[in-house]
Amino acid sequence: MNNEKNIEEYMDNLLSRKSIFKNKSALNPDFIPDYLPHRDKEIRELVEIITPFVLGNKGSNVLLYGKTGTGKTACVRFILKALSNKAKSHGFNFSFSFSNCRMDGSEYRVLVSLGSQLGLKLPFTGLATAEVLQRIVSFLQKAEVRCIFVLDEVDCLIKSSGDDLLYELTRINENLKVPLGIITISNDISFKEHLDPRVLSSLSEEELIFKPYTSSQLTDILQSRSSLAFNEGVLDKGVIPLCAALAASEHGDARRALSLLRVAGEVAERKGLHIVDEECVRTAIKRIEEDQSIELIRTLPLQSKIILLAILASSKDGTKATSGEIFSSYKNITSFMGVEALTYRRFSMLINELEISGLIEGKVISQGRYGRTRFIRVASPQDLVTRGLSEDLLLHDIMDKLSLLNLPLESNL
DNA sequence: CATCCACCGGAAATAGGGGGGC
DNA sequence: GCCCCCCTATTTCCGGTGGATG
């Protein structure tokens, strides 16, 4: 018992003495601070729109849009958290459910996610979607709870499954004594075009646009977060303005700015520095990019990895290869590995996905009599791709045999 | 100017592994 | 047990197509 305590103390001591961070989680994207700088106006408007639901009146549905990292989700979460605290202390029966449509992925799972936050027990598969909706509705009916559903990143849902679910949700109110509120959040304004006009008008009774943060606004945000996250005096003067400026030049993405700051801190920590300087920030940019592509490659399904390998093999030195060439190279590799090869159609689809993810670049070029085909090459640095691929043990072996592992590394540096 | 290459990409069907309600 | 549902990955089928060539 005593030993444990001593060791813990020792650890605490060690950690707090050396650490640059006081509370790193304050820089996480899902951290909700007590104060959101430069969003007072939006918060006030949202509160005015949402509050009626807590009182059990018919309020208005809201549609929020703005680019990533402009504080949409943070504002909504912030308000709902505060509101449910208030409701509790005032004895109102209020609750809310939050679904990130991109994460949840399908209509069914969005509904299950919303429903289970209300306390319903729903199987992750097996039921008909309409059945899940029915259960949610009858729960709301019986419990007479004032409820708000938040659908974050709805544009993804629309793209994958259309607007059926949104339509159903908007009509729920017709047979509910206590109205249901729907807050939809989208990164992409053009998703409106894919909506039935009736659904759109119901969802966007109120609309709020979140503008990108300016560089100086980002500076304020970083400033207030860094005082929570970092120990006193570990940030060099220029660090915060630099992070802010870099993120502002993207599109005022606060999330990016915060992760830049976090990674810069980690870089400094790893280097054993006591102060985070601008150099760390520059290293952080590179680290973030590299980590992202490696992570992307690591989590690719096997077939996509093999295709990527085929591209690498048939387009050495950054030359472009046609999809036909790559396909035959792909078939060679699969037979070599003893893996079932996919049909061309599916292959082509996976190529498109790789292109969207930014790992490869392709262009459809017509060569007249010699056909129309896509010219493809790897877009990210080759050694990065090789590194990512070779983390797959199965592929590592194959790459060794194809002697792909040593080639690019030498020729690139 | 029609032809024709070497693919492109949409739609629908199938597989097959998860799991209901009754 | 039976019939139905959901989801992802894939196959099957097939109607295009830009533009150098004959």
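Tutor: A nonpolar core is a set of buried Ala, Val, Leu, Ile, Met, Phe, Trp, Tyr and Cys residues joined through side-chain atoms within 4.5 Å. Buried means under 20% relative accessible area, exposed over 50% and partly exposed in between (1.4 Å probe, protein chains only). The model is predicted: local features need pLDDT of at least 70 and side-chain atom pairs count only at pLDDT 80 or more, whereas totals for chains, interfaces and linings use all residues. Residues are numbered from 1 along each chain as its sequence is written, chains are lettered from A and ligands numbered from 1 in the order in which they are written, and side-chain values use heavy atoms, without hydrogens and water.

The largest nonpolar core comprises 35 residues, and those with the most contacts inside it are Ile 136, Leu 140, Phe 149, Leu 151, Leu 166, Leu 169 and Leu 180. Two or more residues each come from β1 (62–66), α5, α6 (129–143), β3 (146–152), α7 (154–161), α8 (164–172), β4 (180–186) and α9 (197–203); helices (H or I, at least four residues) and strands (E, at least two) are DSSP runs numbered from the N terminus. Leaving aside residues up to four places away in sequence, Ile 136 touches Leu 111, Gly 115, Leu 118, Leu 120 and Phe 149, where contact means heavy atoms within 4.5 Å.

Helix α8 shows how one element takes part in this packing. Its buried residues are Leu 165, Leu 166, Leu 169, Thr 170 and Ile 172. Viewed down the axis of α8, they fall within an arc of 150 degrees, so they line one face of the helix; the arc is that of the directions from the helix axis to the C-beta atoms. These buried residues pack against α5, α6, β3, α7, β4 and α9.

Of the 21 residues around DNA strand C, Ser 106, Tyr 108, Arg 109, Leu 127 and Thr 343 come nearest. Gly 368 instead places a polar backbone atom 3.0 Å from a base nitrogen of DNA strand C.

Helix α16 also gives the most to the surface near DNA strand B, with four residues. The closest of the 20 residues surrounding DNA strand B are Thr 125, Arg 135, Tyr 344, Gly 368 and Arg 369. Phosphate oxygens of DNA strand B lie 2.2 Å from a polar side-chain atom of Tyr 344 and 2.7 Å from a side-chain N or O atom of Arg 135.

Notes: A residue is near a molecule or strand if one of its heavy atoms lies within 4 Å of it. A polar contact is a pair of N or O atoms within 3.5 Å; within protein, one must be able to donate a hydrogen and the other to accept it, and residues adjacent in sequence count only if both atoms are side-chain atoms.
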